[in-house]
Structure formats: structure tokens, C-alpha cells
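Hi everyone, thanks for coming along. Please have a look at the picture on the screen, and then we'll walk through some of its residues together.

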Amino acid sequence: MISAQEALERLREGNRRFVSDIKNLNSMPSQSRRLELAAGQEPFAIILGCSDSRVPAELVFDQGLGDLFVIRVAGNIVAPSQIGSVEFAAGQFGTRLVVVLGHTGCGAIKATLDELQRPSANQSRNLRSIVDRVRPSVQTLLNTDLRHDHCALMQQAVRANILASANQLRHGSEILENLIQNEGLLVVGAEYSLETGEVEFFDSVPG
């Protein structure tokens with residue numbers, strides 16, 4: 001299995017191809033690749049991303065079948081099932097890079113900000129569970145001057161939520177903490193721009 005830094009560079013290169021509208025022929029699905037993967041998988045990166053239909057990780061990073069272990073949930077939040085999924089992939093496949101991938105204009109972040117500013121009495125319990133997990137990372141932003149600038153508030157809230165999710169993965173699991181300290185596991189945050197298609201990686205070392 002490749003190192004975390006090698007995996008990170010592979011994702012960067014893939015995103016550059018995506019932005020430039022250049023397709024890697026090796027990422028195209030084929031019968032031979034499907035048959036090869038039927039015997040097992042060795043994804044080189046784990047992506048915890050948002051469920052937004054405009055941010056499919058395999059396309060954004062120009063990767064093919066078997067390359068990425070993708071976990072998608074609205075708002076790229078971290079709950080026990082997401083932590084367990086990351087633990088599984090890192091332990092089972094030896095994958096050494098985890099990317100928390102958020103994106104500009106995230107609907108889950110907007111819903112959380114709206115709820116904090118104008119609480120809704122009829123919001124579903126299930127949607128509220130997502131809002132409640134985003135809430136701690138964005139609550140303090142509403143106590144700043146950002147509350148008067150919706151665009152800037154959204155931008156900062158998206159990034160705060162990504163960084164909070166990455167931090168939860170780094171410090172919310174003994175298994176992942178051990179892999180970070182002793183086995184070279186790397187957890188980074190990243191933001192995808194809906195406008196440009198570019199992915200910006202925020203950090204490359206555990207915090």
C-alpha cells in the first residue's frame with residue numbers, strides 16, 4: 001500500500017486532470033478491472049465526503065473502480081458509523097490517507113445556519129441529527145461580525161465544519177489515534193469548489 005503522502009499527491013494530480021478536463025484512461029471501468037476487483041480491493045485513500053450530487057469523489061479526483069473507499073453523508077459529518085467505516089478501511093486494507101471532503105455552498109451547512117438563526121418547530125428528527133452535529137463547529141461564528149455577511153459566513157462555516165470533522169476522526173477513536181501515531185495514517189481536510197472544480201487541501205499533518 002502506498003504512503004499517505006503518495007496518496008495525497010495522487011489525489012492532487014487527479015483533481016488537476018479533472019479541472020483541466022483531461023481523463024485518465026486507466027480510471028475508465030473495464031471488464032478486466034471488475035474481475036480483478038472481485039477478488040479483493042486495495043483503495044489508496046478513504047474519502048469522507050458530502051452526499052451532494054455535485055461532488056462525487058471518484059470523478060472529482062479522476063479515479064477508477066477500487067481506487068477510493070468513499071463514505072458519503074450530508075454535511076460530511078462524523079458519527080459513530082462514519083468513524084467505524086474509516087476504522088474498517090484503514091485496518092482491513094491498510095489505507096493510510098483519510099480526506100474529509102466538504103464543498104462550497106453546502107446545503108447541510110446552510111440548513112444549520114438557518115436553524116440557528118431561525119429555529120424551526122417542525123424540522124424532522126433525522127435532519128436535526130445532522131444539524132446538531134454541524135452546530136458546534138459553526139455556532140461561534142454567529143457571535144462575530146460574519147453574521148452580517150451571509151457569503152462570508154457560509155464560507156467560514158463550511159471550512160470550520162470540515163476541520164471539526166477531521167479533528168473528530170483524529171481524536172475520536174483509539175484505533176485511528178494509534179494508526180496516526182504508529183502506522184503513518186494521515187487525516188486531512190479539503191474543500192471542493194463547485195465553481196472551479198478545484199480541491200483545496202487545508203492541512204497535511206495530523207493536528
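Let's start with Glu200, which counts as partly exposed because its relative accessibility is 37%. For these words the cut-offs are as follows: buried means under 20% relative accessible area, exposed means over 50%, and partly exposed is in between, with a 1.4 Å probe and protein chains only. What does the side chain of Glu200 meet in a salt bridge? The partner is Arg159, at 2.6 Å from N to O. This pair links distant parts of the chain, with Glu200 in strand β5 (residues 199–201) and Arg159 in helix α7, 41 residues apart. By salt bridge I mean a side-chain nitrogen of Lys or Arg within 4 Å of a carboxyl oxygen of Asp or Glu. Helices (H or I, at least four residues) and strands (E, at least two) are DSSP runs, numbered from the N terminus.

A word on the background. What you see is a predicted model, where local features need pLDDT of at least 70 and side-chain atom pairs count only at pLDDT 80 or more, while totals for chains, interfaces and linings use all residues. Residues are numbered from 1 along each chain as its sequence is written, and side-chain values use heavy atoms, with hydrogens and water left out.

Back to Arg159. Its side chain also meets Glu191 in a salt bridge, at 2.9 Å from N to O. Here too the pair links distant parts of the chain: Glu191 sits in strand β4 (residues 186–192) and Arg159 in helix α7 (residues 150–171), 32 residues apart. Are these two residues buried or partly exposed? Glu191 is buried, because its relative accessible area is 7%. Arg159, at 22%, is partly exposed.

How many salt bridges does the structure hold? There are 9. Another one joins Arg135 to Asp132, with the closest N and O atoms 2.9 Å apart. Both residues lie in helix α6 (residues 125–138), 3 residues apart, which is about one turn of the helix. Arg135 has 22% relative accessibility, so it counts as partly exposed. Asp132 is partly exposed as well, with a relative accessible area of 37%.

Now for two residues with a backbone angle to look at. Asp21 has a positive phi of about 60° although it is not a glycine. You'll find Asp21 in the loop between α1 (4–19) and α2 (31–38), and it is exposed, with a relative accessible area of 73%. Asn76 has a positive phi too, about 40°, and is not a glycine either. Asn76 lies in the loop between β2 and α4. Is Asn76 buried or exposed? With a relative accessible area of 2%, Asn76 is buried.

Last stop: Val78, in the loop between β2 (68–72) and α4 (80–93). Val78 is buried, because its relative accessible area is 4%. Which residues does Val78 touch? Leaving out residues up to four places away in sequence, they are Leu48, Ile83, Arg133, Ser165, Gln168 and Leu169, where contact means heavy atoms within 4.5 Å. And if you look across to Val199, Val78 is 121 residues from it in sequence and 20 Å from it in space, C-alpha to C-alpha.
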